[in-house]
Amino acid sequence: EPVEETKANPEGVTAKKVIEDYIEAAGGRDKFSKVESFKRIASVNMGARSLTVKEYKIKPDKFANITEMNGQVAQKQVYNGEKAIAVSMGQEQEIKGEQLKNLKYQAKLFKFLNYDELDVDLELQGVEKVDGEDAYKIKVTNPAGKTHYDYYSMNSGLKIKSKSTQQTQRGEVTTIQKYSDYKEVNGILLPHTINISGMRSMTMTVDSYQINGEIDKSIFDI
């Protein structure tokens, strides 16, 4: 990613206003607040390999993310509101400590609706170009102290990019996700293409979203 010049914050614009404008552009607070359950099925193209990623959320804080390869579970994360586990290649491990705290935050449905209540710190850090488009850059720090950056189009109001950095065995790795192909689902605009770059580059294509549909509760069993 080439480094983009950051312009100063426009007068009168705050991080909170950018988030509220995004909520309005994507369907409105009323539409979002009526969502009780959420399911997304996506295909991930990694060149020679193809994966299916399934994400499930039920209010207030049940969460599951399952990655399948050739119909078999390759990786899984599940949080049932109290405990969490991670499964990788058949090996199961309980998630504890700071990782659990972070996952508890990730499990929240449409977190941007209640950043204040969730003790999330927001900081507007100016305007940057994202693929030639001016976007507000917001630093987001969650209750676990994890920080990432979200970018919102000044034109459409929609979120078009996220950037996060984490320490790995290979050192510091920055992951960038770009959101596009927004389509309406139950009155809410959701991205159907997510381009991801970092340790690996891949494209996630959303096959389907399900809003307020039936979800098998056994998915969250631990």
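How many salt bridges does the structure hold? The count comes to 10 salt bridges, each being a side-chain nitrogen of Lys or Arg within 4 Å of a carboxyl oxygen of Asp or Glu. The model is a predicted one, in which local features need pLDDT of at least 70 and side-chain atom pairs count only at pLDDT 80 or more, while totals for chains, interfaces and linings use all residues. Residues are numbered from 1 along each chain as its sequence is written, and side-chain values use heavy atoms, with hydrogens and water left out.

One of these pairs joins aspartate 116 to lysine 16, with 3.6 Å between the closest N and O atoms. Lysine 16 sits in helix α1 (residues 15-25) and aspartate 116 in the loop between α3 (97-106) and β7 (121-130), so the contact ties together parts that lie 100 residues apart in sequence. Helices (H or I, at least four residues) and strands (E, at least two) are DSSP runs here, numbered from the N terminus. As for accessibility, buried stands for under 20% relative accessible area, exposed for over 50%, and partly exposed for values in between (1.4 Å probe, protein chains only). Aspartate 116 counts as exposed at 57%, and lysine 16 is likewise exposed, at 52%.

Another salt bridge brings together the side chains of glutamate 20 and arginine 29, at an N to O distance of 2.6 Å. Here arginine 29 is partly exposed at 33% relative accessibility, and glutamate 20 is partly exposed at 32%.

Lysine 34 and aspartate 30 also meet through their side chains, with 3.2 Å from N to O. In this pair lysine 34 is exposed at 54%, whereas aspartate 30, at 47%, counts as partly exposed.
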